Amino acid sequence: MSRVAAVDCGTNSIRLLVADADPATGELTDLDRRMTIVRLGQGVDRTGRLAPEALQRTFAACREYAGVIKEHGAERLRFVATSASRDAENRDEFVRGVLDILGVEPEVISGDQEAEFSFTGATKELAGRDHLPKPYLVVDIGGGSTEFVVGDDRVRAARSVDIGCVRMTERHLVRDGVVSDPPSTEQIAAMRADIEAALDLAEETVPLREARTLVGLAGSVTTVSAIAQELPEYDSAAIHHSRVSHDRVREITEWLLRSTHAERAAVPSMHPGRVDVIGAGALVLLSIMERIGAEEVVVSEHDILDGIAWSVA
């Protein structure tokens with residue numbers, strides 16, 4: 001048994017997992033799992049740089065996480081940074097800040113590495129479940145990008161494409177610096193066309209339609225599940241391994257894209273940092289389900305963060 005810490009710093013959120021890992025049994029026991037919306041990727045698609053205020057929000061979260069890691073006495077820490085920091089011209093500033101606070105250099109990983117971590121985290125505990133036929137298609141809908149991984153006991157093919165919920169929102173749903181409330185039919189159509197083009201790109205290397213079980217990861221997917229279940233608050237235990245039908249995903253997506261900011265914010269399971277980007281994230285999920293003909297999505301709370309933790313253990 002080893003006590004490890006993993007940090008996943010994405011475009012929209014930064015997350016921490018401190019856990020005891022037992023490679024002999026394949027069990028990962030959470031000691032602390034938390035998430036902070038920092039919107040590190042604010043404006044990156046437009047400017048190519050990490051905004052000073054986004055860096056400060058991220059560094060503040062890192063200071064909080066440093067205290068948690070020390071409190072639990074984790075033996076090893078791995079910090080992985082994904083889409084936004086991959087794309088930014090000034091990522092060295094980000095690297096130096098994290099190193100100063102946490103004592104480790106963030107690894108700005110490739111999309112393929114990101115996909116492999118996501119697959120491991122999401123599927124390690126699904127082994128032996130005959131009611132979930134293989135191969136799996138694991139889709140990790142992040143803020144800046146979405147990872148597609150097809151595999152059974154191992155990864156067969158993976159691809160990362162730039163259709164995250166923050167990127168799609170900033171690219172298509174913002175006018176004069178403000179998110180449309182709600183977006184127009186033309187805005188939604190343009191976003192959908194962008195998503196479909198990215199799916200074409202993913203299908204060049206990943207056999208999406210060969211999958212027999214669709215596993216969905218990250219906040220857009222888990223929030224759709226929470227809404228589908230009409231949860232009175234966000235409940236990870238109720239969300240983990242829940243199943244949401246294609247028809248229900250379509251209903252929720254259509255509602256999110258015609259609702260106002262106030263209506264979305266009133267959903268009791270909605271994190272405040274997702275209110276403006278959840279419609280785009282849900283549309284990515286719906287588009288994937290329609291592309292591959294999936295009747296349902298299996299929702300996992302275990303994802304790239306768990307995969308990072310296993311890589312340390």
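**Reading a sheet and its salt bridges**

Author: Let's start with strand 4 (residues 76–81) and strand 5, which run parallel and are joined by two bridges. This is a predicted model, in which local features need pLDDT of at least 70 and side-chain atom pairs count only at pLDDT 80 or more, whereas totals for chains, interfaces and linings use all residues. Residues are numbered from 1 along each chain as its sequence is written, and side-chain values use heavy atoms, leaving out hydrogens and water.

Reader: Happy to begin there. What counts as a strand, and when do two strands pair?

Author: Strands (E, at least two residues) and helices (H or I, at least four) are DSSP runs, numbered from the N terminus. Two strands pair if DSSP finds at least two bridges between them. Here, valine 80 stands opposite glutamate 107 in strand 5.

Reader: What is the strand order in the open sheet?

Author: The five strands follow the order 3-2-1-4-5, with mixed pairing. Strand 3 (27–37) and strand 5 (107–108) are the edges, each pairing on one side only. Helix 2 (residues 52–72) packs on this sheet and touches strand 1 (2–9), strand 2 (13–22), strand 3 and strand 4. Contact here means heavy atoms within 4.5 Å. The direction of helix 2 makes about 15° with that of strand 2; axes are lines fitted to C-alpha atoms, for helices over the stretch in contact, and angles between N-to-C directions run from 0 to 180 degrees.

Reader: Is serine 13 buried or exposed?

Author: Buried means under 20% relative accessible area, exposed over 50%, and partly exposed in between (1.4 Å probe, protein chains only). Serine 13, in strand 2, counts as buried because its relative accessibility is 13%. Leaving aside residues up to four places away in sequence, serine 13 touches Asp8, Met35, Thr36, Ile37 and Val38.

Reader: How many salt bridges does a search of the whole structure find?

Author: A salt bridge needs a side-chain nitrogen of Lys or Arg within 4 Å of a carboxyl oxygen of Asp or Glu. The search finds 25. One of them joins arginine 171 to aspartate 194, with the closest N and O atoms 2.9 Å apart. That pair links distant parts of the chain, helix 6 (residues 165–173) and helix 7 (residues 185–203), 23 residues apart.

Reader: Which strands hold arginine 243 and glutamate 296?

Author: Their side chains meet in a salt bridge (3.1 Å, N to O). Arginine 243 is in strand 12 (residues 243–245) and glutamate 296 in strand 13 (residues 296–299), so the pair ties together parts 53 residues apart in sequence. Arginine 243 is partly exposed at 42%, as is glutamate 296 at 31%.
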